[in-house]
Amino acid sequence: MKTCISCGMPMTKPSDYPSGDDSKDYCIYCARPDGSMQPYPEKLEGTTEFLIRTQGLDRQAARQMAIRTLSKLPAWKDKEPIKE
Ligand SMILES: [Zn+2]
């Protein structure tokens with residue numbers, strides 16, 4: 001079983017992969033409609049929105065948490081932290 005390099009989600013079934021392609025290292029939620037992986041700013045924004053929606057955080061707190069969360073993942077761990 002693989003986990004998504006971009007968000008850490010376990011990918012257990014073909015429908016977790018973009019276009020059902022299990023050779024990919026990222027999940028369907030981290031893919032753009034064309035099947036390529038979302039770039040960092042887009043993923044950061046999506047994660048921020050997700051945290052606001054699911055955790056009830058304000059935008060700034062959600063963004064900080066999103067930056068910390070993404071910095072632990074293989075796709076982004078070598079990324080320079082974004083300064084606010
Ligand atoms: Zn993902």
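Modeller: What follows takes the labels in turn and sets each value against its definition. This is a predicted model, in which local features need pLDDT of at least 70 and side-chain atom pairs count only at pLDDT 80 or more, while totals for chains, interfaces and linings use all residues. Residues are numbered from 1 along each chain as its sequence is written, and side-chain values use heavy atoms, with hydrogens and water left out.

Colleague: How do you know which atoms coordinate the zinc ion?

Modeller: Donors are N, O and S atoms within 2.8 Å of the metal (3.2 Å for Na, K and Ca), and since water is not among the atoms, sites may look incomplete. The SG atoms of Cys 4, Cys 7, Cys 27 and Cys 30 lie at 2.2 to 2.3 Å from the zinc ion, so they count as its donors. Along the chain these donors follow the spacing C-x2-C-x19-C-x2-C. Cys 4 sits in the loop between strand 1 (2–3) and strand 2 (10–11), and Cys 27 in the loop between strand 2 and helix 1, so the pair ties together parts that are 23 residues apart in sequence. Helices (H or I, at least four residues) and strands (E, at least two) are DSSP runs, numbered from the N terminus.

Colleague: What makes the site of the zinc ion tetrahedral?

Modeller: Four donors count as tetrahedral if all angles lie between 85 and 135 degrees. The angles among the 4 donor atoms here are 106 to 116°, so the site is tetrahedral.

Colleague: Why is Thr 48 called buried, and what is in contact with Thr 48?

Modeller: Thr 48, which lies in helix 1, has 0% relative accessibility and therefore counts as buried. Contact means heavy atoms within 4.5 Å; leaving aside neighbours within four places in sequence, Thr 48 is in contact with Arg 59, Ala 62, Arg 63 and Ala 66. A polar atom of the Thr 48 side chain also lies 2.7 Å from the backbone oxygen of Leu 44.

Colleague: What makes up the largest nonpolar core?

Modeller: A nonpolar core is a set of buried Ala, Val, Leu, Ile, Met, Phe, Trp, Tyr and Cys residues joined through side-chain atoms within 4.5 Å. The largest has 9 residues, among them Tyr 40, Leu 51, Ile 67 and Trp 76. Helix 1 (40–55) and helix 2 (59–71) are the elements that give two or more residues to this core, and helix 2 gives the largest share, 4 residues. A second, separate core of 7 residues includes Cys 4, Met 11, Tyr 17 and Ala 31.

Colleague: Why is Ser 19 called exposed?

Modeller: Ser 19 has a relative accessible area of 74%, and therefore counts as exposed. Ser 19 lies in the loop between strand 2 and helix 1, and its phi is near 55°, a positive value in a residue other than glycine.

How values were computed:
Buried means under 20% relative accessible area, exposed over 50%, partly exposed in between (1.4 Å probe, protein chains only). A polar contact is a pair of N or O atoms within 3.5 Å; within protein, one must be able to donate a hydrogen and the other to accept it, and residues adjacent in sequence count only if both atoms are side-chain atoms. Four donors count as tetrahedral if all angles lie between 85 and 135 degrees; four count as square planar and six as octahedral if opposite donors are over 155 degrees apart and all others between 65 and 115; anything else is irregular.
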